[in-house]
Structure formats: structure tokens, C-alpha cells
Amino acid sequence: MVAERAGLYEELAATGDFRRGSVSVNYRRCGKANCACAAPEHPGHGPRMLWTRTGPGGKSRGRQLAALEVEKVRAELDAYSRFASLTAAIVEVNEAICEARPVTAATAAAAGSPPGVGSLQDPAATDGEKGAPKPDPGRLYH
Ligand SMILES: [Zn+2]
């Protein structure tokens, strides 16, 4: 698990530039009565490529992209997906490591109780999660 975690951190470092959000195509009518776009069969001016994402406070923000930018932005959005799934995997493997790592004499002393008392090694202390696997230090390094 520790090796798996190290591998995930390496992948995370190699993620590269990323951004959140999405790219959308947009057509719009300018509103001028004498413009071609006023005709019902006209799709409207465009296509305009927009990058939109949710900013702080849940507000949606957007920016029009230059045609040359679109592929770069799409690649950066893909990189964000990789970043997000890697961080989720890192959270999972860290939780598993925490569960597998035994309470040491040092941490037990810091908590003010001898090892085994009130720790994960005491089955009576784990009234939640019935059937949870027993901590096994050997699993950590596989
Ligand atoms: Zn128009």
C-alpha cells in the first residue's frame, strides 16, 4: 500500500497544467432587427467556444476561447479529471494505510494510555464497523 501511495504521488506530480470546467459551443442573436440573425432559420452568430467553470461561491464564470485555444483547454480539462481521480485514489489508499498501521508505543504514550488499551488492538474498543479487518502491519508494505 505504501508503494502504491508513492506511485500515486508520482503520477500526481506528473499531471501537468489543469483546469476545471467545460468547453461549450454557443450561438447567439445580436438583437438587431435588420441583421441576418433575426431570421427564424438563422442559427445565430457563432459558433463561439466558451470555457465555463464554477468559481468561488458557486457562481458560474465563463470566457470566450480563441479557436487556437480550444484543444489546449480540452487537454487541460482532461488533466483535471486525472488529477481528481488520483486525489480520490490517494485518499482511499491513505485511509487503508491508517487502518493497517498499528498503534506504536510512542503514539499510545502520547495519548496517555499503554499500547493495547483503547487502541485498535482492543476488539472491545471498536464497536463500530463490525467485521472490519484486523490491523496487519505486514499488509502495509505490499
Ligand atoms: Zn446578428
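This is a predicted model: local features need pLDDT of at least 70, side-chain atom pairs count only at pLDDT 80 or more; totals for chains, interfaces and linings use all residues.
Reader: What pattern does the chain follow along the sequence?
Author: Elements are DSSP runs numbered from the N terminus: helices are H or I, at least four residues, and strands are E, at least two. The chain has three helices and three strands. Read along the sequence, they give α-β-β-β-α-α.

Reader: In what order do the three strands sit in the open sheet?
Author: Strands count as paired when DSSP finds at least two bridges between them. β1 (residues 22-28) and β2 (residues 45-54) pair antiparallel over six bridges, and another six join β2 to β3 (residues 60-65), antiparallel as well. The order is β1-β2-β3.

Reader: Which strands stand at the edges, each with a single partner strand?
Author: The sheet is open, with its strands in the order β1-β2-β3. The two edge strands each have a single partner, so one side of each is left without a neighbour in the sheet: they are β1 and β3.

Reader: Which residues partner each other across those bridges?
Author: N26 has R48 in β2 as its bridge partner. Going on to β3, M49 stands opposite L65. R53, meanwhile, faces R61.

Reader: How many residues separate β2 and β3 in their hairpin?
Author: The turn includes G57, which has a positive phi of about 80°. Back in β2 itself sits P47, and the peptide bond from G46 to P47 is cis, with omega near 0°. As for the residues between β2 and β3, the count is five.

Reader: Is β3 buried or in the open?
Author: A residue is buried if 20 or more other C-beta atoms, placed from the backbone, lie within 10 Å of its own, exposed if 12 or fewer, and partly exposed in between. Buried residues make up 1% of the chain's 142 residues. None of the six residues of β3 is buried, so β3 lies largely in the open.

Reader: Is G31 buried or exposed?
Author: G31 is in the loop between β1 and β2. Its C-alpha is 9.8 Å from that of G44, 13 residues apart along the chain. Because G31 has 8 C-beta neighbours inside 10 Å, it counts as exposed.

Reader: At roughly what angle do the axes of α1 and α2 cross?
Author: Axes are lines fitted to C-alpha atoms, for helices over the stretch in contact, and angles run from 0 to 180 degrees between N-to-C directions. The axes of α1 (residues 2-13) and α2 come within 10 Å, crossing at roughly 160°. That makes the pair roughly antiparallel, a label for angles over 145 degrees, with under 35 roughly parallel, 65 to 115 roughly perpendicular and the rest oblique. The crossing angle is roughly 160°.

Reader: Which residues of α2 make the contact?
Author: Contact means C-beta atoms, placed from the backbone, within 7 Å. On the α1 side it involves V2, E4, R5, L8, E11 and L12. From α2 come L86, A89, I90, V93, N94 and I97.

Reader: Which residues does E76 touch, not counting those up to four places away in sequence?
Author: E76 belongs to α2 (residues 70-100) and is partly exposed, with 18 other C-beta atoms within 10 Å. E76 and D17 are 59 residues apart in sequence but 6.0 Å apart in space, C-alpha to C-alpha. The residues touched are D17, F18 and R19.

Conventions:
Residues are numbered from 1 along each chain as its sequence is written. Two residues are in contact if their C-beta atoms, placed from the backbone, lie within 7 Å.
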